[in-house]
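Welcome! Take a moment to look over the model below, and then we can walk through it together.

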Amino acid sequence: MFARALFPTDFSAYANAVMACLADIKPAGLRSVLLLSVIRPSDVPLPEEVNREAMEYWRFKVGEGLHLARLALEGQGLHVDTRIEYGSPAKKIIDVAEEEQVDLIVIGAQGVTAAQEILVGSVAFEVVRRAKVPVLLFKQEVVRELGHLLCQRVCNQLFHKVLYPTDFSPNSEAAFYVVKRLKATGTEEVYLLHVQDRRVMKLRSAEQLEQFDHHDMERLETYCRALRLKGLKATPMLRHGIPYQETLKVADETQSCLIVIGSKGFSAVQELLAGSTLENVVRLARQPVLVIPAKQSER
């Protein structure tokens, strides 16, 4: 499913902790990793022709870091290539992913403490918004002990329990196609969630809401039957509230290890009405999030 992955790194403690999790993707077919480091213009503010000494320093420094990272990943049985680029990190990540024809982009989402929200940096979210391949955002809870920065995994079994939120849009269907293939990764249980947005439904009558609930639960049950045929335990869940808030609640309640979500809903108008579910789930979820991009025809 994901034979070749792109992993951008800045060699920070957080990035190194995420890199240590790459082997967790091997059950999904991961065999090869492309390590990418992007030298920012702020590191070498002048063009390379003018400031060759600074550029050579950064290339040497980055090259050493990539070499050590490569050795670590090869020790886990992965084939590793490396690449150094200069420019805007988000743009370079997206461009390299397309040029190298990778199946997946894996990127770290900077975290804070277990008691606080996990935040996603601008680079990570820009990659999520613009990437044409699936993006896996690893979440690490960051704590400080005796002055040292420690990064801790939220879940040690990436694919064990999966939460799949759906609005029944075409892109949600694309995400469901990925979910159906997760049995081989060791997935045992999938929670299928649909949230009736109270902000959109507040003008509906009680009778209409009951009809919507009945219809949507039937659709969830249809998805569940398809997963059960694949040997997966599947649980339908229908909630009322704000979609991203309910998604986060269910992820914690079910102790899900991974959230699989489509990157685009029905329309821009719906997103304006309902708020950006994707953005908030990506930014605030404690769990890793696998984002499946919109089809090219829908972009």
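Is lysine 91 buried, partly exposed or exposed? Keep in mind as you look that this is a predicted model. Lysine 91 turns out to be partly exposed, with a relative accessible area of 43%. Its side chain meets that of aspartate 95 in a salt bridge, 2.7 Å from N to O. Both residues sit in helix α3, and because they are four residues apart there, about one helical turn separates them. Aspartate 95 is partly exposed as well, with a relative accessible area of 22%.

Glutamate 100 is partly exposed at 27% relative accessible area, whereas arginine 83 is buried at 19%. Arginine 83 has another partner, glutamate 85, with the closest N and O atoms 2.6 Å apart. Glutamate 85 is buried too. These residues belong to a network of salt bridges whose members include Arg4, Asp81 and Lys92. In total, the structure holds 20 salt bridges.

Finally, turn to the second largest pocket, with a volume of about 620 Å³. Its lining has 27 residues, and Pro8, Thr9, Asp10, Ser12 and Arg40 lie nearest its centre. Strand β2 gives the most to this lining, with four residues, while helix α3 is among the elements that supply at least two. By class, the lining has 16 nonpolar, seven polar and four charged residues.

Conventions: Residues numbered from 1 in each chain as written. Predicted model: local features only at pLDDT ≥ 70, side-chain atom pairs only at ≥ 80, totals over all residues. Heavy atoms only, no water. 1 Å grid on protein atoms, 1.4 Å probe; cavity = no way out; pocket = protein on both sides within 12 Å on 5 of 7 lines; lining within 4 Å. Points joined across faces, edges and corners; volume = space filled by probe spheres on them. Nonpolar A, V, L, I, M, F, W, Y, C, P; charged D, E, K, R; others polar. Salt bridge = Lys/Arg side-chain N within 4 Å of Asp/Glu carboxyl O. Buried < 20%, exposed > 50% of the residue type's maximum accessible area, 1.4 Å probe, protein only.
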